[in-house]
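Open the model in your viewer and keep the selection tool ready.

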Amino acid sequence: MLAPPVPEMSMETEHGGHEEESAMLPCVAFASEHGYKFFSLAHMRMLNSTDVRPMPPVLGRRLVPSPYGGMVLATDVCYRHPCHLVDPFTGSRAPLPDLPIPFSEKDPVGCLSDEPHLRCARVTDDGLAWDWSPRGVMVARGDTAFFCEHGGERWMPVHQSKLGSPMTVNYRGELFFVLELRTLKTTIIDAGTLQARTKIPAPPGFGNVDYAYLAPSTDDAILLVHRAGDSDGVVFTKAYRARHRDSQRPPRWRPVLDIGDRAVFVDGAHGFTVTADPMGAKANRVYVILAHQLTHPCGRLAVAYDVGFTDLTRPERMGRLNLNTGEVEPMWGRPHWIIPRNESGRR
């Protein structure tokens with residue numbers, strides 16, 4: 001029996017709109033030997049075939065969701081399968097050109113020995129990062145960020161990082177936020193014109209850091225930094241906030257211990273904020289996906305995912321939600337946050 005045809009994705013008509021933060025809780029999304037899985041924090045259960053379309057496992061395929069809008073970027077590290085976007089909640093998909101080659105693989109990259117740098121970045125080997133807007137997709141590889149319009153056939157370079165730094169890419173409120181992980185410099189790019197609207201320099205005196213997370217919103221952005229050698233914080237040791245919209249002065253990072261009635265969710269690819277709710281995320285908390293390594297008596301390795309949380313005022317303390325997500329083989333990649341399309345808009 002032939003499989004039913006996969007519907008093509010209409011990127012212009014499947015976007016809702018949102019001006020304010022949503023209180024909707026995300027899902028933990030992860031690949032496994034049984035396909036792509038989702039654990040809903042809103043319902044505290046694994047989603048089944050009535051909630052999502054089956055996505056069979058494919059060795060060598062890399063799946064990275066965008067947190068808003070329920071989209072997953074599917075690439076192939078072996079270049080045997082075409083690159084595309086897929087909505088696991090509807091089954092629709094849209095083709096993309098093959099991933100572009102960054103400038104760092106074509107030209108030498110300068111290096112300054114006294115430049116503060118990130119010791120270890122939570123990115124893939126080629127520094128893949130991405131997000132999407134109603135107009136198109138932005139992908140960062142190595143030191144270069146590219147853009148491709150929906151339905152387009154080529155990638156256009158729009159940003160090059162300093163000193164070959166890998167980047168993270170987040171879309172929010174008609175803006176792309178590109179964080180250079182090695183220098184902690186943030187470039188805010190207009191999603192319509194693809195021109196840099198403003199830049200946020202690194203926090204003063206940040207020194208060497210192990211990793212950093214950027215969680216933008218429509219009016220401001222939260223930067224979480226874990227300083228190298230600092231054991232006080234599990235996920236981060238210092239939090240910063242910068243206002244980027246309707247500000248009379250250029251945005252700057254300022255230390256913060258209170259972000260109001262919001263919570264922050266971060267993973268190795270994206271960060272975002274949601275409105276706190278008595279039945280949902282708690283105010284002033286940071287939520288992160290944890291991976292527990294398991295070794296069975298037979299020697300088989302497995303991973304079990306959970307969600308940890310910490311307060312902005314006490315980053316050294318970590319709580320857990322104790323989710324029952326089951327076990328998966330560690331070969332399938334990292335988990336990420338995702339919010340279903342019908343539960344979050346994209347503007």
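Predicted model: local features only at pLDDT ≥ 70, side-chain atom pairs only at ≥ 80, totals over all residues.

**Stop 1: a loop and its neighbour**

Select G151. It sits in the loop between β10 (144-149) and β11 (156-160). Is G151 buried or exposed? It is exposed, at a relative accessible area of 71%.

**Stop 2: from R135 to E149**

Keep R135 and show its side chain. It meets the side chain of E149 in a salt bridge, 3.0 Å from N to O. The pair links distant parts of the chain, 14 residues apart. R135 belongs to the loop between β8 (129-132) and β9 (136-141), whereas E149 belongs to strand β10. Colour both by accessibility. R135 is partly exposed at 31% relative accessible area, and E149 is partly exposed at 41%. How many salt bridges does the structure hold? There are eight.

**Stop 3: a buried pair**

Go next to D220 and R262. Their closest N and O atoms are 2.9 Å apart, in another salt bridge. D220 is in strand β17 (residues 220-227) and R262 in strand β20 (residues 262-266), so this contact ties together parts that lie 42 residues apart in sequence. Are these two residues buried or exposed? D220 is buried, with a relative accessible area of 2%. R262 is buried too, at 10%; the cut-off for buried is under 20%. D220, R241 and R262 are linked in a network of salt bridges.

**Stop 4: the four-stranded sheet**

Stay with β17 and bring up its sheet. The sheet is open and has four strands, in the order β16-β17-β18-β19, with antiparallel pairing. Which strands stand at the edges? They are β16 (209-216) and β19 (254-255). Each has a single partner strand, so one side of each is left without a neighbour in the sheet.

Strand β18 (residues 238-243) and β19 run antiparallel and are joined by two bridges. Select Y240 here. Opposite it stands P255, in β19.

**Stop 5: E327 and R300**

Select E327 and R300 with side chains shown. They meet in a salt bridge of 3.5 Å, N to O. Again, the pair links distant parts of the chain, here 27 residues apart. E327 is in strand β25 (residues 327-328), while R300 is in the loop between β22 (285-295) and β23 (301-311). E327 has a relative accessible area of 36% and is partly exposed. R300 also counts as partly exposed, at 36%.

**Stop 6**

Finish inside. In soluble globular proteins, nonpolar side chains tend to be buried together. Select L41, F265, Y287 and W337. These have the most contacts inside the largest nonpolar core, a set of 21 residues. Which elements give two or more residues to this core? They are β1 (27-32), β20, β21 (271-275), β22 and β23. The most comes from β23, with four residues.

Key. Residues numbered from 1 in each chain as written. Heavy atoms only, no water. Buried < 20%, exposed > 50% of the residue type's maximum accessible area, 1.4 Å probe, protein only. Pairing = 2+ DSSP bridges. Salt bridge = Lys/Arg side-chain N within 4 Å of Asp/Glu carboxyl O. Core = buried A, V, L, I, M, F, W, Y, C linked by side-chain atoms within 4.5 Å.
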